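Reader: Could you walk me through this structure, starting with the ring contacts? Please tell me how you define things as you go.

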Amino acid sequence: MKLFSIFGDPVFHSISPRLHNNAIRNLNLDACYIRQLVKNGDEIIEIFKDLRLDGANVTVPHKETAYKLCDEVRGIAKEIKAINTLINENGKIIGYNTDAPGFFQAISSFKNIKKALILGAGGTAKAISFILRQNNIDVTILNRSKERLEFFMKNGFDSFHWNNFNSNNFDIIINTTSAGLKDENLPLPIDILSQIMQNASYTFDVVYGRRTPFLQLSDKYNLQNKNGQDMLLYQGIIAFNLFYNNKFNTSVIEKHMREALTF
Ligand code: NDP
């Protein structure tokens with residue numbers, strides 16, 4: 001039997017077990033996906049080994065700590081310097097980032113994107129910025145404060161904070177901040193955001209489960225928009241296939257995981 005888990009703090013709200021277990025059940029696999037509260041990120045690999053896991057997902061706030069603890073990191077995670085998926089490959093712990101390709105798949109219906117504005121400069125912004133750049137999209141980062149911009153500047157991204165930003169020509173605006181997650185806040189003062197939206201075509205909010213003030217405002221400008229549900233779904237599908245060495249058709253996994261979203 002294979003055993004998988006998600007590690008995070010908090011982790012009780014995570015719907016990853018629901019997505020993975022529904023795929024496991026419908027594919028008749030001998031496996032189970034659990035959730036594990038981990039307070040100290042430094043213990044992640046130890047817990048992974050103690051539980052004899054085959055694979056795991058890592059969520060807030062441990063993605064960057066877990067990156068440092070893997071035996072090997074593959075793919076775009078090497079640039080992002082954060083992982084959300086761990087695989088046990090013959091005793092060796094391999095780290096991947098599936099948030100980045102998951103996001104890119106989620107925006108596949110948005111066409112002709114050349115310039116993107118990312119609001120926020122946390123872990124999610126890192127994943128999204130590198131996958132956009134890998135796909136030849138010009139990325140600008142805009143954050144409330146300047147402290148977190150250093151990583152992006154070092155990596156060659158145009159990076160601004162609210163007080164030195166003066167541009168409004170972007171095809172897509174992506175909210176990676178937690179503004180609107182549990183409050184009625186916009187991720188940027190309304191006058192600046194409205195100006196940028198006037199010239200944009202698309203908006204994307206990584207938050208899911210509620211219509212955020214950011215997406216509500218973008219409705220007023222008739223922008224095509226999406227919330228973070230598909231990003232969550234696709235990162236899960238990619239992780240599931242990594243757990244099983246890419247042996248399943250992604251559309252089959254998608255069918256079962258999408259069904260679990262309705263439970
Ligand atoms: P971090 O804590 O790493 O970063 C948060 C960022 O948001 C910071 O740049 C912070 O700015 C900014 N911020 C926070 N509050 C506000 C506010 N009121 N106004 C403006 N800016 C604000 O978070 P993560 O990147 O890890 O996660 C961000 C969100 O993404 C979470 O809501 C998470 O649930 C979601 N997420 C969704 C996924 C999906 O699959 N859909 C996957 C991963 C995450 P400052 O530096 O000034 O403090």
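Author: Rings of Phe, Tyr and Trp (its six-membered ring) count as a pair if their centres lie within 6.5 Å, with planes under 30 degrees apart called stacked, over 60 edge-to-face and the rest tilted. This is a predicted model, in which local features need pLDDT of at least 70 and side-chain atom pairs count only at pLDDT 80 or more, while totals for chains, interfaces and linings use all residues. Residues are numbered from 1 along each chain as its sequence is written, and side-chain values use heavy atoms, with hydrogens and water left out.

Reader: How many aromatic pairs does the structure hold?

Author: The structure holds 13 aromatic pairs. One of them is formed by F130 and F151, an edge-to-face pair at 6.1 Å centre to centre with 75 degrees between the planes.

Reader: And which parts of the chain does that pair link?

Author: The pair links distant parts of the chain, since F130 is in helix α6 and F151, 21 residues apart from it, is in helix α7 (residues 150-154). Helices here are DSSP runs (H or I, at least four residues), as are strands (E, at least two), and both are numbered from the N terminus.

Reader: Switching to the ligand, which residues come nearest?

Author: Of the 22 residues around the ligand, those that come nearest are A121, T124, N143, S145 and R148, where near means that a heavy atom of the residue lies within 4 Å. The shell around the ligand is made up of 9 nonpolar, 10 polar and 3 charged residues. In that count Ala, Val, Leu, Ile, Met, Phe, Trp, Tyr, Cys and Pro are nonpolar, Asp, Glu, Lys and Arg are charged, and the others, Gly among them, are polar.

Reader: Which atoms of A121 and T124 lie by the ligand's oxygens?

Author: For A121, a backbone N or O atom lies 2.9 Å from an oxygen atom of the ligand, whereas for T124 a polar side-chain atom lies 2.8 Å from a ligand oxygen. R144 also has a polar side-chain atom 2.9 Å from an oxygen atom of the ligand. The elements that give two or more residues to the shell are α6 (123-134) and α10 (229-243).

Reader: Last topic: where are the cis peptide bonds?

Author: A cis peptide bond joins D9 and P10, with omega about 5 degrees, and P10 lies in the loop between β1 (2-8) and α1 (16-26). Another cis peptide bond joins V60 and P61, with omega about 0 degrees, and P61 is in the loop between β3 (55-58) and α3 (63-69).

How values were computed. Polar contact = N/O pair within 3.5 Å; in protein donor to acceptor, adjacent residues only side chain to side chain.
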